[in-house]
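Below are some remarks for a colleague who is meeting this structure for the first time. They are set out as numbered points, to be read with the model in view.

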Amino acid sequence: MRQSKLSNRWLALLVAAIIIILVVPGVTQAKTNNTPQIHLQYASFDPLGGEPFVPAEQRMSIASLETATYLLQFCGPVREEWTAAVTQAGVRLYDYVPDYAFIARMDVDVASKVQDLPYVRWVGLYHPAYRFSPALKEMRFTTSSAEPVLLDVQTLPDVDLAGLSARVKSVGGNVISTSADGTSGYLRLFVPAGQVDALAAQDGVLWVEPYVELSISNDVGGASIMEADTIRTAVGLYGSGQIIGVSDSGLDVGTTSATMSDDFEGRIVDGQAMCATHYVSPSDQRNGWNDLNAHGTHVSGSVLGNGVLSGSNPGSHTYASTFAGVAPEAQIVFQSLDSDGDSGLECIPADLSTDLFSPAYNLGARIHTNSWGGPTGDTANPFGGYTLQSQQVDSAAWQYKDLLILYAAGNDGIDGNSDGMIDPDSIGAPGTAKNALTIGASE
């Protein structure tokens with residue numbers, strides 16, 4: 001009996017010792033034993049094991065720099081006192097990068113000092129090679145150096161966009177538009193392909209990707225496929241009191257007067273011609289928000305057309321057997337993105353958060369629906385990619401927490417293996433955003 005008690009006591013002590021070892025790791029242990037990775041689109045790597053190969057023309061040299069953009073990795077889940085300490089030491093922290101790392105700005109002396117802090121695992125330069133999208137890397141090898149390339153560029157939020165625009169122009173480029181949302185700066189620009197490396201190496205540039213013209217996505221739909229009447233009857237919701245933002249090719253005749261279709265007249269909060277200020281080519285500029293394609297009118301009808309022209313009676317909530325949309329008593333903020341009536345949308349802003357969602361939100365829209373999207377520009381993996389525009393959707397969702405952003409999944413889904421399900425990675429961007437509600441399979 002005594003032997004049994006002693007055995008139990010020793011067992012308890014052993015278990016307690018193991019628990020202490022497991023739950024009280026020191027900073028030194030975290031720094032030497034854990035192997036967190038730096039996860040970039042360029043590569044995933046453990047920086048203490050060495051950085052990935054970077055071509056000489058896409059590297060930055062510490063010897064040539066004073067203040068530069070770095071990656072700073074902490075030794076474990078980031079603590080507030082750690083970020084406060086490195087900030088006090090002269091580091092500016094920006095976007096988070098898994099695992100436990102940040103994009104950071106500092107000078108060479110500060111980089112040397114913070115590297116020696118016990119909770120800083122690694123500090124290394126954010127090379128231009130890390131700033132290229134996979135699609136752009138492919139384009140750079142197939143495009144002549146003199147041919148202009150249309151790009152979207154993301155910068156740190158405190159970059160002088162006017163100064164960067166001037167440098168782009170000095171090498172034969174042309175800046176179409178700039179924007180900033182407090183977390184990043186954005187430029188849409190043409191630059192000779194031979195200058196892409198130099199562009200990525202500019203101070204404060206974070207990301208460079210080809211701009212691919214997006215197109216309308218909802219080519220088959222309507223209230224009957226969505227069974228809108230069944231939803232209205234079951235739930236008794238008609239959209240009254242709601243304002244919905246819709247961006248697309250245009251809306252009917254583009255006016256708030258009586259000449260607007262009776263299915264929308266009287267419920268238009270505002271119509272905005274995005275082609276008046278956001279366009280790729282001067283030939284795309286136009287001031288009207290009328291529909292040159294009919295797609296935007298079709299989408300708006302599905303969303304909130306009241307079906308008056310097909311026999312509905314909104315006064316008594318009578319919509320059965322008509323072409324009324326899902327929310328026939330809601331109001332609309334319409335934003336036209338089309339300049340010429342084809343399937344492409346030439347006037348999508350460089351920053352969706354600031355220039356598309358924000359104006360609609362400020363007019364009261366708390367739902368914003370977008371039946372457009374497209375490939376990422378990467379011919380090897382054209383769909384399913386996370387682009388700058390996907391990120392901007394997520395930024396807007398974070399900034400406007402009571403705004404529901406909807407996107408169409410696209411028209412490119414196929415069931416190649418005939419298993420009854422759409423194959424993975426067929427969703428177009430920016431429907432690949434993490435915090436949008438992306439909708440597909442209407443048929």
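1. A definition is needed before the point on helix packing: axes are lines fitted to C-alpha atoms, for helices over the stretch in contact, and angles run from 0 to 180 degrees between N-to-C directions. Please also keep in mind throughout that this is a predicted model.

2. Within the parallel sheet, strand 12 (residues 243-248) pairs with strand 15 (residues 367-370) over four bridges, and Val 246 has Thr 369 of strand 15 as its bridge partner.

3. There is also an open sheet of four strands, in which the pairing is antiparallel and the order is 4-5-3-6. Its edge strands are strand 4 (92-97) and strand 6 (120-125), each of which pairs on one side only. Neighbouring strands of this sheet are turned against each other by 30° on average, if direction is ignored. Helix 4 (residues 108-115) packs on the sheet, where it touches strand 3 (67-74), strand 5 and strand 6, and its direction makes about 130° with that of strand 5.

4. Where strand 4 meets strand 5 (residues 101-107), the two run antiparallel and are joined by four bridges; here Tyr 96 stands opposite Phe 102 of strand 5.

5. In one of them, the ring centres of Tyr 42 and Tyr 130 are 5.4 Å apart and the planes are at 55°, so the pair is tilted. This pair links distant parts of the chain, 88 residues apart: Tyr 42 is in the loop between strand 1 (38-39) and strand 2 (44-45), while Tyr 130 is in the loop between strand 6 and helix 5 (134-140). Both Tyr 42 and Tyr 130 are buried, and together with Phe 45, Trp 122 and Tyr 126 they form one aromatic cluster.

6. Two rings have a charged group over them: the charged end of Arg 366 sits over the ring of Tyr 361 at 3.6 Å from its centre, and that of Lys 401 sits over the ring of Trp 398 at 4.0 Å from its centre.

7. Strand 10 (residues 205-210) is mostly covered, with six of its six residues buried. Strand 10 pairs with strand 7 (residues 148-155) in the antiparallel sense over five bridges, and Asp 152 stands opposite Glu 209 in strand 10.

8. Which residues of helix 6 (residues 161-170) are buried? They are Leu 161, Gly 163, Leu 164, Ser 165 and Val 168, and these buried residues pack against strand 7, strand 8 (174-180), strand 9 (185-192), helix 7 (196-200) and strand 10. At the start of helix 6, a side-chain oxygen of Asp 160 comes to within 3.2 Å of the backbone nitrogen of Ala 162, whereas just after the helix Gly 172 takes a positive phi of about 90°.

Note on methods
Residues are numbered from 1 along each chain as its sequence is written. This is a predicted model: local features need pLDDT of at least 70, side-chain atom pairs count only at pLDDT 80 or more; totals for chains, interfaces and linings use all residues. Side-chain values use heavy atoms; hydrogens and water are left out. Two strands pair if DSSP finds at least two bridges between them. Contact means heavy atoms within 4.5 Å. Rings of Phe, Tyr and Trp (its six-membered ring) pair if their centres lie within 6.5 Å; planes under 30 degrees apart count as stacked, over 60 as edge-to-face and the rest as tilted. Buried means under 20% relative accessible area, exposed over 50%, partly exposed in between (1.4 Å probe, protein chains only). A charge sits over a ring if NZ of Lys or CZ of Arg is within 6 Å of the ring centre and within 35 degrees of the ring normal. A polar contact is a pair of N or O atoms within 3.5 Å; within protein, one must be able to donate a hydrogen and the other to accept it, and residues adjacent in sequence count only if both atoms are side-chain atoms.
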